[in-house]
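Please keep the model open while reading, and find each residue as it is named.

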Amino acid sequence: MENEKNNRFAVDFEQATFQLECITNTISAIHTAMVEGSSPADEGTNALYFAYTSLWSLTKVFQSLSDREGGQR
């Protein structure tokens, strides 16, 4: 039972870490597009808002994982 719990935590943590990597890559791509001027400013703003909301949701996932493992904030 404990091993199953640890495996589930590891999978959930790996998924959250992958999502964080994807969001980071998205922000990098947005920055490059804005610096190079290859997309209109409003598209960059919309994309940054998406990245912000994604990061906020992911923060809650990491908090939940921390709480599951007995972490305290």
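1. I would begin with the charged side chains, where Arg8, Asp12 and Arg68 are linked in a network of salt bridges; a salt bridge here is a side-chain nitrogen of Lys or Arg within 4 Å of a carboxyl oxygen of Asp or Glu. This is a predicted model, in which local features need pLDDT of at least 70 and side-chain atom pairs count only at pLDDT 80 or more, while totals for chains, interfaces and linings use all residues. Residues are numbered from 1 along each chain as its sequence is written, and side-chain values use heavy atoms, with hydrogens and water left out.

2. How many salt bridges does the structure hold? There are two, and in one of them the side chains of Arg8 and Asp12 meet at 2.6 Å, N to O. Both residues lie in helix H1, four residues apart, which is about one turn of the helix; helices are DSSP runs (H or I, at least four residues), numbered from the N terminus.

3. Arg68 also forms a salt bridge with Asp12, and the closest N and O atoms are 2.8 Å apart. Because Arg68 lies in helix H2 and Asp12 in helix H1, this pair ties together parts that are 56 residues apart in sequence. Asp12 is buried, with a relative accessible area of 15%, whereas Arg8 is partly exposed at 45% and Arg68 is partly exposed at 38%. For these words, buried means under 20% relative accessible area, exposed means over 50%, and partly exposed lies in between (1.4 Å probe, protein chains only).

4. Turning to the rings, a search of the whole structure finds three aromatic pairs. Rings of Phe, Tyr and Trp (its six-membered ring) pair if their centres lie within 6.5 Å, and planes under 30 degrees apart count as stacked, over 60 as edge-to-face and the rest as tilted. Phe13 and Phe62 form an edge-to-face pair, 5.8 Å centre to centre with 80° between the planes, and this pair links distant parts of the chain, with Phe13 in helix H1 (residues 2-36) and Phe62 in helix H2 (residues 41-68), 49 residues apart. Phe13 is partly exposed at 39% relative accessible area, and Phe62 is partly exposed at 25%. Ring pairs also bring in Phe9, so that Phe9, Phe13 and Phe62 are linked into a cluster.

5. Why is the pair of Tyr49 and Tyr52 tilted? The ring centres of Tyr49 and Tyr52 are 6.5 Å apart and their planes are at 35°, so the pair is tilted. These two residues are three apart in helix H2, separated by about one helical turn, and Tyr49 is exposed at 55% relative accessible area, while Tyr52 counts as exposed at 52%.

6. The largest nonpolar core has five residues in all, Ala16, Ile23, Ala51, Leu58 and Leu65, where a nonpolar core is a set of buried Ala, Val, Leu, Ile, Met, Phe, Trp, Tyr and Cys residues joined through side-chain atoms within 4.5 Å. The elements that give two or more residues to this core are H1 and H2, and H2 gives the most, with three residues. Leaving aside neighbours within four places in sequence, Ile23 is in contact (heavy atoms within 4.5 Å) with Ala51, Ser54, Leu55 and Leu58.
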